[in-house]
Amino acid sequence: MTEAAHAGTIDDLDRRVIAALQLNGRAPWSAVARWVGSSETTAQRRYTTLRERGLLRVTGTLELDRTEGGSSMMVRAQARPGRGLEAAARFSESPDVRFVAVVTGSADLVVDFVARDNDDMMRMLFTDLPATDLITSTEVVPVIRPFTSAAMWDTGLLPPEAAAELRPASASPDRIDRDRAPQALTPLEQEIAAALREDGRTQVSVLARRLDRAESSVGRAMDRLISRGVLQFRTLVDPALLGFDAEFMVWLSIEPGQLDAAGRQLARHPGTKFLGATTGRFNLIGHMVLPRRADLYPYTSEVIGALPGLIGSDVTLHLATMKYSWYRMGRLTTAA
């Protein structure tokens, strides 16, 4: 369990507020209150308290494959005996890293680097790789297409009708044209995305004043980003606080002709937070959660085993998530 889970307990109302914001990080408090069974004032106060305690953050995130902002490289690393936590802390300090987990299994660490281009990728992996003195081996798994992202995850703590009302239609993965060439962001869009990364619930009027822009221009630019599937809103929280004690990654080898079918099938599983097609000996990887570690046994046979074209699989169980979507877990009030 991570530092955040030890920071204190939360109750069922807190969990429902988090679940509503996971469906839509910018949902109006009137809609959140209706689905969580509280007043607007209470729902907003619960959110503020959770954020001040460092247990929750709503952040705006850019879909990398929809912009020219770079690409994701998942790195599986083996650490020297007894040096895994130190290596994870070193990776977490890097501005090129948006996710770090200490895991058990065939790897010690999973690190997500974001590279702008091939030169950037070479620099990260061969020149500026953090913690090289603590690492014995690495395996790079570039992500080439996402099937679903963490912003699309539904905790299942609210009824399906809540997702239908709260979640914008433009947020559906099926609405995003993955084959369309990435589009560079305008200077205004870049400024908006940077501000919303700090606080995804910042009001348009506040953004406009901060950026010294017209409110109408900021509102239209934000709407364009959202409707194009470029900008999404993610609610960062330790899954253990929501009752998911098993957090893990699956690394799958699928027959190429069955990759799309397997990816779509696994993306529909309620425990799938992220799933992407990749290159290398694993061509499908996912970040998953389940209520209990004991649930991994039926999951392995009934979910992974049922995938079409499955050749081989590996599971790395999270011991601690150190950094998530650019923020240190347990210190979500402070940007990394």
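1. Arg-123 and Asp-128 pair through their side chains in a salt bridge, with 3.1 Å from N to O. This is a predicted model, so the distance is a computed one. Arg-123 has a relative accessible area of 26%, so it counts as partly exposed. Asp-128 is also partly exposed, at 38%.

2. This pair belongs to a network. Salt bridges with shared partners connect Asp-96, Arg-116, Asp-120, Arg-123 and Asp-128.

3. Another salt bridge joins the side chains of Arg-76 and Glu-139, at 3.4 Å from N to O. The two residues lie 63 apart in the chain, and the pair links distant parts of it. Arg-76 sits in strand 2 (residues 71–79). Glu-139 sits in strand 5 (residues 135–148).

4. How exposed are the two partners? Arg-76 has a relative accessible area of 4%. That is under 20%, so Arg-76 is buried. Glu-139 is partly exposed, with 22%.

5. Arg-34 and Glu-165 form a salt bridge too; their closest N and O atoms are 2.1 Å apart.

6. Arg-34 is at 51% relative accessibility, over the 50% cut-off, so it counts as exposed. Glu-165, at 39%, is partly exposed.

7. For the overall count, a search of the whole structure gives 20 salt bridges. Among them are Arg-123 with Asp-128, Arg-76 with Glu-139 and Arg-34 with Glu-165.

Terms used:
Residues are numbered from 1 along each chain as its sequence is written. This is a predicted model: local features need pLDDT of at least 70, side-chain atom pairs count only at pLDDT 80 or more; totals for chains, interfaces and linings use all residues. Side-chain values use heavy atoms; hydrogens and water are left out. A salt bridge is a side-chain nitrogen of Lys or Arg within 4 Å of a carboxyl oxygen of Asp or Glu. Buried means under 20% relative accessible area, exposed over 50%, partly exposed in between (1.4 Å probe, protein chains only). Helices (H or I, at least four residues) and strands (E, at least two) are DSSP runs, numbered from the N terminus.
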